[in-house]
Amino acid sequence: MNAFTEMSDLAHAMEWHLRHSVGKTPAAAQVTDWRMALTRAMRDRVMEPWFEATTRTYAADRKRVYYLSMEFLLGRLLEDAIVNLGLEEEATQALGAFDIDYQDVMRDEPDAALGNGGLGRLAACFLDSLSCLGIPAYGYGIRYAHGLFRQKFVDGAQEEAAEEWLSQAHPWEFERPECAYDIGFGGEVARDGRGWAPEQVISARAYDTPIPGWRGRWTNTLRLWSAKSKRAFDLEPFNRGDYMAAAAPEVFAETISRVLYPDDSTESGKELRLQQEYFFTSASLQDLVRRFLAHNPDLRALPDKVAIQMNDTHPAIAGPELVRLLTDHQGFEFEEAFDIAHGCLHYTNHTLMPEALERWPAHMMRSVLPRHMRIIERIDDLHARRMRAAGRPRPDSVRIVDPGGDVRMGDLAFISARRVNGVSALHTELMKETVFSDLNALHPERIVNQTNGVTPRRWLYNCNKGLRTLLNEVLGEGWVCDLEQLEGIAPLAEDAAFRERFRAVKRANKARLIDWIEKTQGVELSADAMFDIQVKRIHEYKRQFMNILETAALANAIRRDPDADWTPRVKFFGGKAAPAYTTAKRIIHFINDVARSINGDPVIGDRLKVVYPPNYNVSMAELLMPAADLSEQISTAGMEASGTGNMKFAMNGAVTLGTMDGANVEIRERVGDDNIYIFGLTAPEAADIRSHYDPRGHVDATAPLREVVEQMASGFFSPEDPHRYGPLVDLLVGSDYFLVAADFAAYYGAQRRIDADFRDADAWSRRAVLNTAHSGWFSSDRTISGYAREIWDVDSLL
């Protein structure tokens, strides 16, 4: 310890936990030990607000929100808690008293591997805002042992390895052994149809993580379920030498909570995903019913006290499961049970692609969840009878169990829910016109909009400390929980001195990213270059393929005329492809092969670089987004529900290049046409062109694209395997469902306009300032306030 430093209360608490919780002396402690000790000390500070919030919720006897999500992409928790509690300076000094660097300790924490992309990050933002606003809530999900996967590149190709985030103790969580619920699979339904004897029964065990709000005024709970065997070890087969059989019950159970999104290209993979979805949904509903009955004897009042939000179709089995609990366990008749469930349930849709709305083969549902299959059929029948009675007979297209024998989980979620919401204004209107057009005609009041948002605590205040300091100096700190106060810097976009300071913050963020890239990727970059970033899961509709095709075309242009006045540019990519998504994995390989051809070309030099760090996660995003000059949001119009990365980038002063898709439409409305670059087909134009689309004609008519396609076909980017990208070429010139060729010329032209505009650094800074100034509407606090008012009917207890 530094003898000249007076130790604070936090330093004393940290040292106490180092000795008594971690079991180390300061002299023997490593960085991880210090992190564990500081986390314990911080967790102690969260306890009283957590207890107080629980006590006040029970005393008020008000409605609670239960947010069911397969993903919660939390990121690192320690610094988030330190910042929310206002203890950054004290924590830095506490570590400094022992000559330990604060940032070294923060970087030591692994990201919690509980999500993949926007769905899970949105859920995490919502938990933060629920706590910030003082709305009583539980988040419910799965405590995945290995999460999605750890991405690595081998010769440019994605390979997947198990994520090991739980190889160390998770110091934020509390195991709740008293909160355990039986979860059944298979078996037989009772003859009277009101009982179920499952063939296999496992146990769902609860682990709680406190989620503190701003300045610790309120703390909610994230409860994650881990699957355990009811009989962890079978001694009889073990004694006869059959060791695998002895461990089989434990292996089956733990497989349920082992991996997020197991490969569902096989029948067994599909079955595992269905089991996962039912596992966490059933445990969550059993838990909230138990909590309700502890204080309210009449379950008819459940909708007055409980709002259940289904985040996408993964928890759509909640409707049948809640009906099962009410009929089989509580004695309700079917129709009353359904009405109670309907009064509690709400569904957020996140996709306009029919193939992305989950569906399960009826034979699989009947095998895995036989009781629920019967309930689903009764819900289907009840809905049809009620529509006929109301004079609105349903069309044949509105069936939960379709004629082909699939259970349509999107329709089940819609019919079970009191409210169904889209996540951007465009998405909500397209929902009404496309995937749920028939159901919307039957229930025109049910669909509402709640445009997504992101938490400014993590995505501006914490990850962009330079901009935070500048904003606090100008606005005070009130903007952190009232983000529309950012409008106060809009007039300063005309102030040359402020633009210069804003530009200096951006440059410092770029320098921080450059240092990390050089250390981890071995690529040297310049802060003078434009940082052009596209980070999101890899999918054809998000069109990373179009981005890398344009990158290769730009490289060709530079090679032809290297002495022209090129705007230096660094293209950043980040994101994972699902293990079974062959085309997406081939696009990743192509990005890395193009990067190899560009980064090693002395003719191109520093005019263009391509960087693709593996294993994109929240912590990487916190480095990339504050450093971005240009945000790529280039999905095929009509296919991105909202996006949240677009909001984070704009909040941090990046200018958007995008299509009229998702929340890009609303970003454009707020930042103005002069401060965003919009290109390409609109959603109606994209729908119309498919009836007469000739992708080969577009490729042939677009010289920069044609040249790259010819290079792909000739093996230019993969001389060791000349035919590697034949399938991508065939896809592009053949079907091109996501309209890459149709939009390429407009995209290429927009990029060249951006090249020219970026050379005027002062004018670009003005655009950047205005993007930050007008991003306040995209706070998740505004989104959650909308849910609370228009969907859940809940109030803040602050």
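Is phenylalanine 531 buried or exposed, and what is its relative accessible area? I found phenylalanine 531 buried, with a relative accessible area of 0%, where buried means under 20%, exposed over 50% and partly exposed in between, with a 1.4 Å probe and protein chains only.

Before going on, I noted that this is a predicted model, in which local features need pLDDT of at least 70 and side-chain atom pairs count only at pLDDT 80 or more, while totals for chains, interfaces and linings use all residues. Residues are numbered from 1 along each chain as its sequence is written, and side-chain values use heavy atoms, with hydrogens and water left out.

Next I looked up aromatic pairs, and the search of the whole structure returned 32; rings of Phe, Tyr and Trp (its six-membered ring) pair if their centres lie within 6.5 Å, with planes under 30 degrees apart counted as stacked, over 60 as edge-to-face and the rest as tilted. For tyrosine 461 and tryptophan 479 I read 5.9 Å between the ring centres and 45° between the planes, so this pair is tilted. Both tyrosine 461 and tryptophan 479 are buried.

I then turned to phenylalanine 531 and phenylalanine 572, a tilted pair with 5.1 Å from centre to centre and 55° between the planes. Phenylalanine 572 counts as buried at 1% relative accessibility.

Last, I checked charges over rings (NZ of Lys or CZ of Arg within 6 Å of the ring centre and within 35 degrees of the ring normal). The charged end of arginine 468 sits over the ring of tyrosine 461, 4.1 Å from its centre, and arginine 378 lies over the face of phenylalanine 334, 4.2 Å from the ring centre.
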